[in-house]
Amino acid sequence: MNTIIRSGLVLMCLTAGLSGCSSVKTAATTVGSSIERVAERIVHPFSPAPASTPPPAGLDDYKTQVAQHVVRHNPGHSYAGTLPPMLPAIVVLEITVDKNGQLTKVEVQRSRDPNASQVALAAVRRSTPLPRPQQLALATGKLTFSETFLFADRDRYQLRSLAGPQASE
C-alpha cells in the first residue's frame, strides 16, 4: 500500500512541478488521501456497511439489506435475470446474528440438494459480519430469520428477498 501511495505522490509532485503549481502540498494531500482510500478498498474490498446505513425499518427491510450484502460478497454465485420456471434447487437457511451482525448460527431449514445447501451455507459464512440488526435485536441481543436461496443452476442463485418474478413455462 505504501508503494502505491508513494508512486501517486511522486507522479503528482512531478505534474505539479512541471505545470508551475504553487500549491503542491495541498494537491499532494488530496491525491495522497484519494490514493489511500483506493488502496484501502483494494486491501479490504468487503468492509462492513458504513455507519451511515440507515437502521432497518423492519424485518423485511433487514432481510433485504442482508441479501444485498450477501450478493456483494459472492458475485460469482449471484444469478442476474429471470429465474427459470423449474428451479434445480431451493434452500432455506435459518440465520442467527448478534446485535453486531456477527453470525452466531446458520443451518439448513429445508433443502433437497446437499450441494446447493453447502453453496448457500458458504455464501452466508463468507459474508460475515452481516449488517447490524439494530433495534430488531434489542430484546434478546440476537435476531433469527430465514432466507431462501433460489438456484438457477448448480452454483448460481437469487435470494428470495431480492428476487424478481420467475419465468413461466
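Reader: How many bridges join strand S1 to S2, and do they run parallel or antiparallel?

Author: Start with the general idea. Strands of a sheet pair through backbone hydrogen bonds, either parallel or antiparallel. Now the case in this predicted model. Strand S1, residues 89–98, is joined to S2 by six bridges. The two run antiparallel.

Reader: Which residue in S2 is the bridge partner of Ile 95?

Author: Look for Val 106 in S2; Ile 95 has its bridge partner there.

Reader: In what order do the strands of the sheet lie?

Author: The order is S2-S1-S3-S4. The sheet is open, has four strands and pairs antiparallel. S2 (103–110) and S4 (157–159) are the edge strands, each pairing on one side only. On average, neighbouring strands are turned by 25° against each other, direction ignored.

Reader: Which helix packs on the sheet, and which strands are touched?

Author: Helix H3, residues 59–73, does. H3 touches S1, S3 (142–151) and S4. The direction of H3 makes about 55° with that of S3.

Reader: What is the run of elements from the N terminus on?

Author: The run is α-α-α-β-β-α-β-β. That comes to four helices and four strands.

Reader: What share of the contacts joins residues 24 or more positions apart?

Author: Count the contacts in the chain with a separation of 6 or more: 71% of them join such residues.

Reader: And what percentage of the residues count as buried?

Author: Buried means under 20% relative accessible area. Of the chain's 169 residues, 33% count as buried. The accessible surface comes to about 10400 Å², and 55% of that belongs to carbon and sulfur atoms.

Conventions. Residues numbered from 1 in each chain as written. Predicted model: local features only at pLDDT ≥ 70, side-chain atom pairs only at ≥ 80, totals over all residues. Heavy atoms only, no water. Pairing = 2+ DSSP bridges. Axes fitted to C-alpha atoms, helices over the stretch in contact; angles between N-to-C directions. Contact = heavy atoms within 4.5 Å. Buried < 20%, exposed > 50% of the residue type's maximum accessible area, 1.4 Å probe, protein only. Areas by Shrake-Rupley, 256 points an atom, 1.4 Å probe, with all protein chains shown as cover.
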